[in-house]
Structure formats: structure tokens, C-alpha cells
Amino acid sequence: MSDFLARALELLDQGDGDAALAVLYGGLGDPDMDPVLRGEASGLLADLMAERGDALAAASHYAQALLADPDRRSWRRGHVNALMQLADREAARAACETLLALRPDDATGHRHMAFLTLEAGDRTQALDHAREVLFLAPRDLGLLAAIADVLVRADEPLMAVEALETALRKAHPADPDLAPAAVAQARAWIALGEPKKAEKSLLLALDSDPDDRTGAGALLEGLSAGADSQTLPPAFVRALFDTYADRFDRELVGKLRYDAPSALRALLDAQKIGPGLDVVDAGCGTGLAGVVLRDLAATLAGFDLSPRMVERARARGLYDDLWVGEFVAGLSTRPEGCDLLVAADVLVYLGDLGPVMQAASLALRPGGWFAFTCEAADDPDGFLLHEGRRFAHGGGHIRASAAAAGLQVQVLRPHSSRHDRGSPVPGWICLCHKPA
Ligand SMILES: C[S@@+](CC[C@H](N)C(=O)[O-])C[C@H]1O[C@@H](n2cnc3c(N)ncnc32)[C@H](O)[C@@H]1O
């Protein structure tokens, strides 16, 4: 081993990572270095950069190291992990394929391939890779938590629950992966419509991680809201959408056949509302409504409870103003600030529409419009929180709340804006007017 590599390792032993990095960078500056030695130094540098969370540097140093030793499994795996963190799907997939060709028993490679193939729309391949993970690493809670997420998204929540059951039972209470795995299991139970079982998993997560770094408490709070509940805790909704943000568009538009934004646009066109309006998209999510409303708007603003959703909306570059805020509180800060307020599939997270209509009325200029979709309840005059943790509202409740807030219901007709397990979910599309 060369002097500089030995010195770097010695510094690492002494806990001086910065000095070790400086020595490695210095050593690698030698253009005539033996290629094997260059590989070792690059691999060590890549490991250190990965540990420090610098995925870009880690990916580049692993690539360098692999030139010297293409079969080194730990470097291959490190390279894949770094590319996944960089969200470079194409490069990550190629690196995963190389890793699995070299080591077909690499559970981490299969875990990433399960995710990547599902992202690419190949459910069958995703499930094949997921099964390999379950076979190769049946007790690895970190891997199981990741694969449970893939299974839930691939409509196999039962497989996720079962895979985690034994592993969680046999886990060491101090295992840092226990809490994330228990939360993953809770999500699978929720997908199966089993809130009581989800609660048990969340309590296990909180037990193992009292600081609640996984957000189990917020999910638990939302689950314990009973059927007679008036509201869903905002922390629950935020936690739900923060974790959903990355796959929201694909799942909603693809799998759930979501059409609320385009249905609302058609409604506005039919009523000859716009263009040139100051529009607020309340509960804007990733900005799907912004896409169809932009050309109606002189200015387009949006807000949402979930910071990750707002981040996604911002990335579209469509909105003049975006902020994180709660529906009623968010609108109350901008009285008479808009001509058109839109809430596509948002009131399903709000129970009593009384305060919602009051806030909408306050936010609209005289002559303004409030357009929204929501789910329909059987009880015409009430609202209820159903098993899917969403509210459904009766037509009478919508009319009464609007009237109490001084809004006139211009249109209220049945419209299903999404499917659930293959069937259309009964809903409303509604347009209210604030008299001039
Ligand atoms: C089903 S998504 C619809 C998003 C968007 N309107 C669309 O059509 O794509 C519901 C959104 O409402 C947001 N939301 C739910 N309750 C909210 C509240 N009380 N205040 C603000 N946003 C809320 C959620 O964070 C989520 O982004």
C-alpha cells in the first residue's frame, strides 16, 4: 500500500475524516499513479463521500474506482445507491443491471430494480424483483421497509404486511430500522382498509423511536379520528401528501383516472368565466390544476398544506405566487384577493364546509367564483369521514354552507373525478358565485 493511502487510513482510524480526505485528494493528484492504487483510493474516497451525503462526488469516485476493479461488489452497490440518490434513473438502472449480472443475489440491487421498474410502469418485473428481496433478505428491516412501499404502490399491500410481520416480531428493539419498517407496515394496513392494525404498527414505531423521526404520531392522530370526526388533523394530511408528492401525478392521473382539473376547466368554459382573472388554486398539490387554468389567469397563485407538494408545483414554473398554508387560515390572510378560487379534490380533506365557504367568500372579490370538486355522501344534509380517510359531503350541506357564507350555488351536479379499485367514486362538481 502506498504511503498516502496508509496515511489516509490512519487518519480515519483517529477519527479525522477531513484530514483523510485532504490526503486522498492530494495523492490522487499524481497522474502517474498505479491504476490499482488509484482504484483503491477512489473507492475509499467514494465511501467517505457517500457517508457525508455527497451523492454526486460519491457516484463519480465509485465510477473511477470501478475502472480499476469492475467486479468489486461494494463499489458497484455504492455506485447504484449514489445514482439513486441523485434520481438519475437511467444511469441507476444501467448500474443496477451490471450489479445484478455480477451478483444476482444482491438484495439491494433487486430493491432498486423493483423501484425503477415500477416507475417505468413494469409491474410484473417490479414484483419479481420485490420477491427476490423477500427471499434474499427476509430479516433486513431497512430493505423490507423500502420494498413494502413498492408493494403497496404495486397494489400488493398484503404481501408487504406479511413480509414485515415476522421481521418486525424478531427485530431487536434498538434496531434503527424498526420504526421506518413499522411505519411502512402501517401504510400497507391503511391500503388494506385496516386502520386498527395500522394503529398497532404505528404504536410499535413510536415505542421504538420516541423522538418520532418517521412521523408515526401524525399518522396515528389521523387514524384515530373517528367516523364522527369533524376534521382530519392537518399534520396527518401533510404527512400523507409529503410522502405522496413524488408519485402523485403518475398515480392520480394514471391509476385513479383523476380528472378534477380538466372537469373544472370545462365547467368554467361552459359558464364563460375568464380569461384575465386573478386565480387562487387552493390545495394546489403538484399544480395539475395550474396547468389547465394558466391561460384563464392574469395572475395565478397557489397554496397547499404540504411543503413537498408546493415544491413540486413550483417546479412547473406556472404560478406567480406559491406558499405553504392551510385552506381556511390561508385564505383568510388575503381578503377580496381573487376573482376565481379553485379547489380540485381538496374539500375531501375538510369536514364541515361552513368555515370553508366563509373563507372562500372572504377571499373572493364581489362578482368572483368558487369552483370545486368533492365526494358525495349519501346523507344529503351532512358530511362523513369514510374508511378511506376522506370526507364525503351531501348536496344539502354544500348549499346550506354556501348560502350561510353569502355565496350562490350556480352549478351543483354529480361528477366522479376519480376511480377507486376500478369503480368511479361518486362526487360533485360545483360552482358558487359571490354576488357583485
Ligand atoms: C388530492 S390532492 C389534489 C391536488 C390538486 N388540487 C390537484 O388537483 O392535483 C389534495 C391536496 O389538498 C391538500 N390539502 C388537503 N387539506 C388541505 C388543507 N386543509 N389546506 C390546504 N391544503 C390541503 C393536500 O396537501 C393535497 O395536496
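Which residues in helix 2 meet which residues in helix 3? Here are my notes, starting with that pair.

1. First, the ground rules. This is a predicted model, where local features need pLDDT of at least 70 and side-chain atom pairs count only at pLDDT 80 or more, while totals for chains, interfaces and linings use all residues. Residues are numbered from 1 along each chain as its sequence is written, and side-chain values use heavy atoms, with hydrogens and water left out.

2. To the opening question: Leu21, Leu24, Tyr25 and Leu28 in helix 2 meet Arg38, Ala41, Ser42, Leu44, Leu45, Leu48 and Met49 in helix 3 (contact means heavy atoms within 4.5 Å). By class, these residues divide into nine nonpolar, one polar and one charged (Ala, Val, Leu, Ile, Met, Phe, Trp, Tyr, Cys and Pro count as nonpolar, Asp, Glu, Lys and Arg as charged, and the others, Gly among them, as polar).

3. As for the geometry of that pair, the axes of helix 2 (residues 17–28) and helix 3 (residues 35–51) come within 10 Å and cross at roughly 145°. Axes are lines fitted to C-alpha atoms, for helices over the stretch in contact, and angles run from 0 to 180 degrees between N-to-C directions. Helices (H or I, at least four residues) and strands (E, at least two) are DSSP runs, numbered from the N terminus. The crossing is left-handed (the near helix is turned anticlockwise from the far one by less than a right angle).

4. Helix 5 is worth a look with both of its partners here. Its axis and that of helix 6 (residues 89–102) come within 9 Å and cross at roughly 160°, which makes helix 5 roughly antiparallel to helix 6 (angles over 145 degrees count as such, and those under 35 as roughly parallel). Helix 5 passes helix 6 in a left-handed crossing. Arg73, Arg76, Arg77, His79, Val80, Leu83 and Met84 of helix 5 touch Ala91, Ala92, Ala95, Cys96, Thr98, Leu99 and Leu102 of helix 6, a set with nine nonpolar, two polar and three charged residues.

5. The other partner is helix 7 (residues 107–119), packed against helix 5 (residues 73–85) at an angle of about 30°, with axes 10 Å apart. That makes helix 5 roughly parallel to helix 7, and the crossing of these two is left-handed. Helix 5 contributes Arg77, Val80, Asn81 and Met84, and helix 7 contributes Thr108, His112, Phe115 and Leu116; by class, four are nonpolar, three polar and one charged.

6. Two backbone details to check on your screen. Ala87, in the loop between helix 5 and helix 6, has a positive phi near 60°. The peptide bond from Gly274 to Pro275 is cis, with omega near 5°, and Pro275 is found in the loop between helix 16 (260–270) and strand 1 (277–282). For context, most residues other than glycine have a negative phi, and most peptide bonds are trans.

Definitions and conventions:
Parallel < 35°, antiparallel > 145°, perpendicular 65-115°, else oblique.
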